[in-house]
Every structure is written in structure tokens, then in C-alpha cells.
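Let's sit down with a structure and learn to read it one feature at a time.

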Amino acid sequence: MNCKECRDELRRPGAAVPSAEALRHAASCPACAAESRAALLLRLGSARDDGAEPRPGFEERLRRRLASGPAPSGSPAWNGGFERLVRPALAVAATLALMCAGLYMRTASEPGADLVSLVESDPMFTSLLAGDPGSIFGEEQGAGETAETP
Amino acid sequence: MVDDDASDASLMRKVAGGDPAAFDILVGRWRSRVFRLALRFFRRPEDAEDVAQEVFLKLYQTAASYRSEAPLEHFLLRIATNACVDRLRESRRRRERVLSAITPEAGAWLDRALSGAALEAQEAEAAKGLAAELLATLPPKDRTVLVLMDLEGLTAQEVAEATGSTRAAVKVRAMRARRALRRIARRLPEKGRR
């Protein structure tokens with residue numbers, strides 16, 4: 001038996017315990033031994049009597065609970081819509097809200113960070129308004145004049 | 001008058017219309033399946049029965065939303081899975097607490113059981129109880145995926161439909177749960193020899 005066969009055997013539903021062959025392989029293979037212990041832990045902790053039945057009077061007790069509960073409604077039991085659509089949408093909305101809040105806090109903490117103050121205080125806008133594009137490209141005030149001189 | 005041999009779909013239509021006799025037939029038909037699934041997660045039969053009743057109550061209340069093109073078993077499995085996950089969330093245990101509470105004797109029994117050795121009835125029962133407590137430390141959805149795939153024999157796609165997830169997400173959950181189980185099982189011998 002190889003490792004794949006052993007693991008398939010360990011995960012085969014229905015078997016209460018793995019076959020002797022699988023256990024023999026696991027005894028000589030540390031990786032499969034760990035897998036075997038995990039599989040047995042799951043089987044042991046989830047063991048049940050395959051012929052188990054609810055106690056007598058199950059229907060009667062259910063009927064009593066039914067009588068005290070709400071009547072049938074059209075609300076869907078399939079809550080996959082929540083899992084698949086609403087939850088991711090909420091996550092995206094929360095992320096966006098956090099990003100906006102972060103940006104707001106950053107800009108609010110910088111005095112004069114709004115557009116009007118930026119235009120008023122930023123040298124680039126000042127030079128543009130003054131009709132001096134040279135400062136945008138980082139040129140010295142006198143450099144352009146020198147270049148134009150033959 | 002409701003026909004005992006009526007299909008699940010036609011019975012569900014009657015249940016949606018408030019027919020209690022149709023509901024009784026469905027309960028009789030599916031009671032054992034739902035109860036036995038709940039027993040995989042809850043060792044006490046009373047707890048498993050309580051979950052099974054919640055499943056049928058939900059089935060009754062949501063009968064109108066059942067689409068007859070899907071087998072009723074899928075619809076029921078989905079309700080049952082949700083009910084089990086909700087209940088498991090309430091009773092989830094902290095792993096460190098469970099591991100530290102293991103007595104050397106019980107740890108040794110469980111260790112032997114995990115090695116495939118046969119145990120006396122009393123030891124086997126104690127080992128089962130301890131294993132169930134350790135499983136209760138897994139995230140409920142991870143545990144559910146593992147039980148449905150490895151013990152109930154469902155495919156990843158079927159589990160995805162039952163849990164409202166995707167096939168890829170189910171596979172990742174199963175892988176994560178198996179890794180967690182390996183980790184727990186590895187830590188037992190030390191506890192057993194304490």
C-alpha cells in the first residue's frame with residue numbers, strides 16, 4: 001500500500017476503523033501515521049450508533065414546539081445569499097468606510113490641506129498663476145534667461 | 001387525506017399550505033437521518049434530538065421557499081448543517097483548556113486508541129469522550145466540513161451546497177481542519193505521559 005492508497009483508506013466514509021493494511025503502512029510512514037491519528041481522532045470523537053433513533057415521543061414533542069412557534073412563512077432557509085452577497089458587500093463597504101475615514105483624518109490633521117489652501121500655498125500653483133512654468137520643472141530663475149542668450 | 005407514498009416535493013407543497021399531516025409524514029421519513037447527523041456533533045442524544053427538532057421546525061417554517069427541483073435531502077442537510085454550526089458555536093471549547101485538563105490516564109487511552117490499539121469498553125468510552133471534547137475545539141464550520149466529507153461521504157461540491165460556500169473554500173477548510181487535527185493528535189502523547 002502506498003501513501004495515497006493509505007490516505008484514501010483513512011478517509012473512506014463508513015469504515016469504523018482503518019484496515020490493518022493501512023495501519024501497517026502508517027506504522028512505517030511518519031506522514032501517514034500523523035494522518036492516521038488525525039483520522040482516528042475524528043472517527044472516535046464523532047462516533048455514533050448507526051442504528052440510533054430519537055427517543056419515543058419525538059413527534060409529539062415536536063408538535064408541541066410547533067404549536068407554540070410561528071406558522072410557515074416564505075422566508076428562505078437558504079441563507080447562502082447572505083454568505084455569498086451580503087457579507088462580501090458589507091466587507092467592501094466597511095473597508096471603503098475605513099479608508100475614507102483614514103483619508104479624512106489625514107487631511108483634517110494637515111492645516112490648510114483643502115484644495116483652496118493648496119492652490120494658495122503650493123509653489124507649483126503659485127508659479128502657474130504667476131505665469132512662470134519654469135519653477136514647475138525645477139529650473140533656476142536665471143537659467144532660462146542664460147540659455148536664451150546667444 | 002395525504003398519501004404516505006407522496007413525493008417529498010408534493011408533501012412540502014402541502015406543508016407550505018399548512019397541512020400538518022404532510023409534515024408528519026416528512027418527519028417520519030427524515031427523522032433518523034437528521035438525528036444521526038446531529039449525533040456526529042453532539043454526544044448526548046438529548047442534544048442531538050433538540051437540534052433535530054430545530055431542523056424540522058425550520059423546515060416547517062420555511063417550506064414555502066423550498067424549490068422542488070432540488071432533492072429535499074439537500075434542503076434538509078442545509079438547514080441541519082446551519083443548526084449544528086450554530087449550536088457548536090455556543091459550545092465551542094478552548095483548545096488549551098481542554099488539552100491541559102486531560103488526565104494522564106485518559107491521554108494514554110486516547111493515545112492508544114489513535115494508534116489503532118483495541119481498548120476495554122470503559123477505556124474506549126473515555127477515549128471517545130475526550131476525542132469529542134478535542135473536536136469541540138475546532139472552528140464549527142471546519143469540523144462540519146470534515147464530518148460531512150470524511151464521515152458522511154459527501155463530495156466537496158455537495159458540502160459547498162450544504163454550507164453555502166464554494167467548492168474551493170470547502171477544500172481549504174478541510175485541509176485546515178485536518179492539519180489542526182494532526183496537531184492535536186501529535187500533542188497527546190506528551191499529555192498522556194505527564
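**Reading a helix and its surroundings**

Q: How many residues does H8(B) have, and what length does it reach?

A: H8(B) has twelve residues, and from its first C-alpha to its last it reaches 16 Å, close to the 16 Å expected at 1.5 Å a residue. Keep in mind that this is a predicted model.

Q: How do I read which way residues on a helix point?

A: Here's the general idea: an α-helix has 3.6 residues a turn, so residues three or four places apart point the same way. Now the case here: nine of the twelve residues of H8(B) are buried, so this helix is largely enclosed by the rest of the structure.

Q: Stepping back, how many helices and strands does chain B have?

A: Chain B has ten helices and zero strands. Its C-alpha trace spans about 65 × 35 × 30 Å along the principal axes. Of its 194 residues, 40% are buried. If you take the contacts in chain B with a separation of 6 or more, 59% are between residues 24 or more positions apart.

Q: How do I read a nonpolar core?

A: In soluble globular proteins, nonpolar side chains tend to be buried together. In this model the largest nonpolar core has 72 residues, and those with the most contacts inside it are Leu41(A), Ala38(B), Val55(B) and Ala80(B). H2(B) gives the largest share of this core, ten residues.

Q: Which residues is Ala38(B) in contact with, leaving aside its neighbours within four places in sequence?

A: Ala38(B) is in contact with Ala48(B), Val51(B), Ala52(B), Ala80(B) and Cys84(B).

Q: And where do the two chains meet: how many residues of each are in contact?

A: On the chain B side there are 50 residues, in contact with 42 residues of chain A. The largest share of the side of chain B that touches chain A comes from H3(B), with nine residues. By class, that side of chain B has 26 nonpolar, eleven polar and 13 charged residues.

Q: Last one: what scores does the model get?

A: The model scores ipTM 0.87 and pTM 0.71. Chain B averages a pLDDT of 88, and 96% of the residues score at least 70.

Technical notes. Residues numbered from 1 in each chain as written. Chains lettered and ligands numbered in written order. Predicted model: local features only at pLDDT ≥ 70, side-chain atom pairs only at ≥ 80, totals over all residues. Contact = placed C-beta atoms within 7 Å. Helix = DSSP H or I, 4+ residues; strand = E, 2+ residues; numbered from the N terminus. Nonpolar A, V, L, I, M, F, W, Y, C, P; charged D, E, K, R; others polar. Buried ≥ 20, exposed ≤ 12 C-beta atoms within 10 Å, placed from the backbone. Expected span 1.5 Å × (residues − 1). pLDDT = per-residue confidence, 0-100. Core = buried A, V, L, I, M, F, W, Y, C linked by C-beta atoms within 7 Å.
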